[in-house]
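Please read this briefing beside the sequence and the 3D view. It begins with one place in the chain and then moves through the model topic by topic.

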Amino acid sequence: MSVTRGKTVPSLTQEILGNLSHANKTAAWGTLGTLRTFLSFSVDKDVQRLLRAIAGQGVDHSTIVDVLTNRSRGQRQLISRAFRERTQQGSVSAEDVAVEILATRTPPQLQECLAVYKHDFQVEAEKNIKCETSGILQDLLLALAKGHRESYSGIIDYNLAEQDVQALQGAEEPNTEGMWVLIFTQRSPEHLIRVFDQYQRYTGQELEEAVRNRFNGEAQAALLSLASVIRNTPLYFADKLHQALQETEPSYHVLMRILVSRSETDLLSIRAEFKKKFGKSLYSSLQDAVKGDCQSALLALCRAEDI
């Protein structure tokens, strides 16, 4: 399967890659075969051609067939491996979007989102979360959807920070995932940043490293995203925008979602983090990667160049 502009569609590329690898022995007559090694072979160029062929509104079948029926078995294996790596990096899961929305909206915004969701789809978001997810990921999304995160009072609770650090250290044992969910979804961001810092001082490793060691798959990705949001929300979105712009075909739905949703809150901060980390302004990056009417709309939302 391949992801194209937010939709998952069957990929002729993957089908051909799978079927053309069956001949695993060289024929006795060797050069009498119809397919030979392509002398000007470049795996990067071929993968780029294939990605462009599936990125538009319609699949360019002729390009796919031209590339994959004119490469040797060894060359096709290199293409297959690189193609899988590139398409996996370009995918945006529903769970990833859910974490983004549930973790970055203010309580009033979150309640509005959930109300609109129920109105448009005639079902509670929590019910769909229960149907579509399981385990720690489900617990995390349900807790975020309740919107019970504490507000920062301006008073530092040193004792609670100490307790949370100890609880997270103890929660590295089996069947203690619930403590991670409770602390990550109920404590204020200001409190959690202090917990993250103390955890590193006590253990010698960042909390994100503990997450990587403790969890895997979707649960790990969700917790890491949440930790990134807590540490620096504008930087989190800057990373998301940069990733969306690195695709062969820019992820327009990601770019539009972030620029629209953050244009009235912290887009100036996101622009600053983008320039600081990637050495190029968001405005210039959009100019280079996006074309047509969509470019005009996104640049209008971005508003200005950062010198």
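## Briefing on the predicted model

Arginine 303 has its place in the segment after α18, where helices (H or I, at least four residues) and strands (E, at least two) are DSSP runs numbered from the N terminus. This is a predicted model, in which local features need pLDDT of at least 70 and side-chain atom pairs count only at pLDDT 80 or more, while totals for chains, interfaces and linings use all residues. Residues are numbered from 1 along each chain as its sequence is written, and side-chain values use heavy atoms, with hydrogens and water left out.

**Overall make-up**

- The secondary structure of the protein chain comes to 18 helices and two strands.
- Of the 307 residues in the protein chain, 38% count as buried, a word that stands for under 20% relative accessible area, with exposed meaning over 50% and partly exposed lying in between (1.4 Å probe, protein chains only).
- Contact means heavy atoms within 4.5 Å, and among contacts in the protein chain between residues at least 6 apart in sequence, 69% join residues at least 24 apart.
- The protein chain exposes about 17,300 Å², of which carbon and sulfur atoms supply 50%; accessible areas come from the Shrake-Rupley method with a 1.4 Å probe, and for residues only the protein chains shown count as cover.

**Confidence**

- The mean pLDDT of the protein chain is 86, and 87% of its residues reach 70 or more, where pLDDT is the predictor's confidence in each residue, from 0 to 100.
- Over residues 1–10 the pLDDT is below 50, and this stretch has 22 contacts in the model beyond near neighbours in sequence.
- Over residues 23–29 the pLDDT also stays under 50, and the model has two contacts for them beyond four places in sequence.
- Where pLDDT is low, the predicted coordinates should not be read in detail.

**Positive phi angles**

- Most residues other than glycine have a negative phi.
- Arginine 303 has a positive phi of about 85° although it is not a glycine, and with a relative accessible area of 64% arginine 303 is exposed.
- Glutamine 122, in the loop between α6 (107–121) and α7 (125–132), has a phi near 55°, a positive value in a residue other than glycine, and its relative accessibility of 65% means that glutamine 122 counts as exposed.

**The segment after α18**

- Aspartate 306 also lies in the segment after α18 (292–302), and its side chain makes a polar contact with the side chain of arginine 271 at 2.8 Å.
- A polar contact is a pair of N or O atoms within 3.5 Å; within protein, one must be able to donate a hydrogen and the other to accept it, and residues adjacent in sequence count only if both atoms are side-chain atoms.
- Leaving aside neighbours within four places in sequence, aspartate 306 is in contact with Arg271, Lys275 and Ser281.

**Aromatic rings and charges**

- The structure holds six aromatic pairs, a pair being rings of Phe, Tyr and Trp (its six-membered ring) with centres within 6.5 Å; planes under 30 degrees apart count as stacked, over 60 as edge-to-face and the rest as tilted.
- Tryptophan 180 and phenylalanine 184 form a tilted pair, 6.0 Å centre to centre with 40° between the planes; both lie in helix α10 (residues 177–186), four residues apart, about one turn of the helix, and both are buried.
- The rings of tyrosine 236 and phenylalanine 237 have their centres 5.2 Å apart and their planes at 75°, so this pair is edge-to-face; tyrosine 236 and phenylalanine 237 are both buried.
- Trp180, Phe184, Phe196 and Phe215 form one aromatic cluster.
- Arginine 214 lies over the face of phenylalanine 215, at 5.1 Å from the ring centre, and the charged end of arginine 71 sits over the ring of phenylalanine 38, 3.8 Å from its centre.
- A charge sits over a ring if NZ of Lys or CZ of Arg is within 6 Å of the ring centre and within 35 degrees of the ring normal.

- Lysine 240 lies in helix α14 (residues 233–245), counts as buried at 13% relative accessibility, and touches Asp96, Val254 and Ile258, not counting residues up to four places away in sequence.
- Leucine 35, in the loop between α1 (12–19) and α2 (43–55), is partly exposed, with a relative accessible area of 36%.
- The C-alpha atoms of leucine 35 and threonine 69, 34 residues apart along the chain, are separated by 7.6 Å.
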